[in-house]
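Welcome! Take a moment to look over the sequence and the model, and then try the exercises with us.

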Amino acid sequence: MGRAFQNRKESMAKTAAAKTKVYSKYGREIYVTAKAGGTDPSGNLALRSLIDRAKKDQVPSHVIEKALDKASGSGGEDFQPALYEGIAPGGAMVLISALTDNNNRTFGEIRGVFSKCKAKLGSQGSVSHMFDHRAMFVFAGDDEEPVLEALMEADVDVSDIDCEDGMITVLVPPTEFFKTKTALNELNGEIEFEVEEITYLPTTEHPIKGDDVAQFERFAGLLNDLEDVQEIYHNGVFS
């Protein structure tokens, strides 16, 4: 699992520089979450977690407030989640999550990036079966046993838990996100999470070497420039 977390960190590092629209992406996700469950973070746990993550990523407060104000009004955009999958340059499997109010537009834009980069856009299920959909929590610690015991007592369905290099990583099904976070905070007070997110973790690794590294980075950068794209997940390991 430690390796899985490392891959996720590498994934974020490889694409972070291309996220020129990170504020608008957070704004859109906050809007959708607030629209669905209410604009009060104390009563909408998904919103509270998202705002915490946005603040960690240094999203300005005015961006968050604007999204909340927009969600509190009537009408507005009708964004829907979408997941696209395929084979990236270098042969790595890739999943692209999006929030879109026009599926045809978003699909066309993503297909254009795949074509431009000589990548292969797959059909639904062609790649996603090689990823585990999990809620992931990573925080400082050197003993996972009391953590596992607390989670078991809270009736959390733990998929995996690991301690490596002074960090504890907990993986659970996405539906267990808030139950897990509550149990962890009750055990150790307010934990400073290194990672607290629902993500896709690859079950296998694929090396990306030589010229393919630059091609992959270009591919990821073009995708991240698309307003509808939220996250990119892949099984590439760079060398």
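This is a predicted model: local features need pLDDT of at least 70, side-chain atom pairs count only at pLDDT 80 or more; totals for chains, interfaces and linings use all residues.

Residues are numbered from 1 along each chain as its sequence is written, and side-chain values use heavy atoms, with hydrogens and water left out.

**Exercise 1.** Find how many helices and strands the chain has, and compare its radius of gyration with that of a compact globule.

*Solution.* Begin with the elements: the chain has 8 helices and 10 strands (DSSP runs numbered from the N terminus, H or I of at least four residues for helices and E of at least two for strands). Next, take the box: along the principal axes, the C-alpha atoms fill roughly 50 × 45 × 30 Å. Finally, a compact globule of 239 residues would have a radius of gyration near 18 Å, and the chain agrees because its value is 18 Å. The radius is taken over C-alpha atoms, and the globule rule is 2.2 Å times the number of residues to the power 0.38.

**Exercise 2.** Work out how helix α2 and helix α3 are arranged.

*Solution.* First, the angle: α2 (residues 22-37) and α3 (residues 45-56) pack at about 165°, and their axes are 9 Å apart. Axes are lines fitted to C-alpha atoms, for helices over the stretch in contact, and angles run from 0 to 180 degrees between N-to-C directions. The two helices are therefore roughly antiparallel (under 35 degrees is roughly parallel, over 145 roughly antiparallel, 65 to 115 roughly perpendicular and the rest oblique). Now list the partners: Tyr26, Glu29, Ile30, Thr33 and Ala34 of α2 meet Ala46, Leu47, Leu50, Arg53 and Ala54 of α3, where contact means heavy atoms within 4.5 Å. These residues divide into 7 nonpolar, 1 polar and 2 charged (Ala, Val, Leu, Ile, Met, Phe, Trp, Tyr, Cys and Pro are nonpolar, Asp, Glu, Lys and Arg charged, and the others, Gly among them, polar).

**Exercise 3.** Look at Arg53 and name its contacts beyond its neighbours within four places in sequence.

*Solution.* Start by placing Arg53 in helix α3. With those neighbours left aside, Arg53 is in contact with Tyr26, Glu29, Glu196 and Glu231. For a sense of distance, Arg53 and Ala92 are 39 residues apart in sequence and 27 Å apart in space, C-alpha to C-alpha.

**Exercise 4.** Describe how α3 and helix α7 cross.

*Solution.* The axes of α3 and α7 (residues 177-188) come within 11 Å and cross at roughly 65°. That makes α3 roughly perpendicular to α7. On the α3 side, Leu45, Ala46, Ser49 and Asp52 make the contact, and on the α7 side Phe177, Phe178 and Lys181 do. Sorted by class, the contact has 4 nonpolar, 1 polar and 2 charged residues.

**Exercise 5.** Do likewise for helix α6 and α7.

*Solution.* The axes of α6 (residues 145-153) and α7 come within 9 Å, crossing at roughly 125°. That makes α6 oblique to α7. Pro146, Val147, Ala150 and Leu151 of α6 meet Thr180, Ala183, Leu184 and Leu187 of α7. This contact divides into 7 nonpolar, 1 polar and no charged residues.
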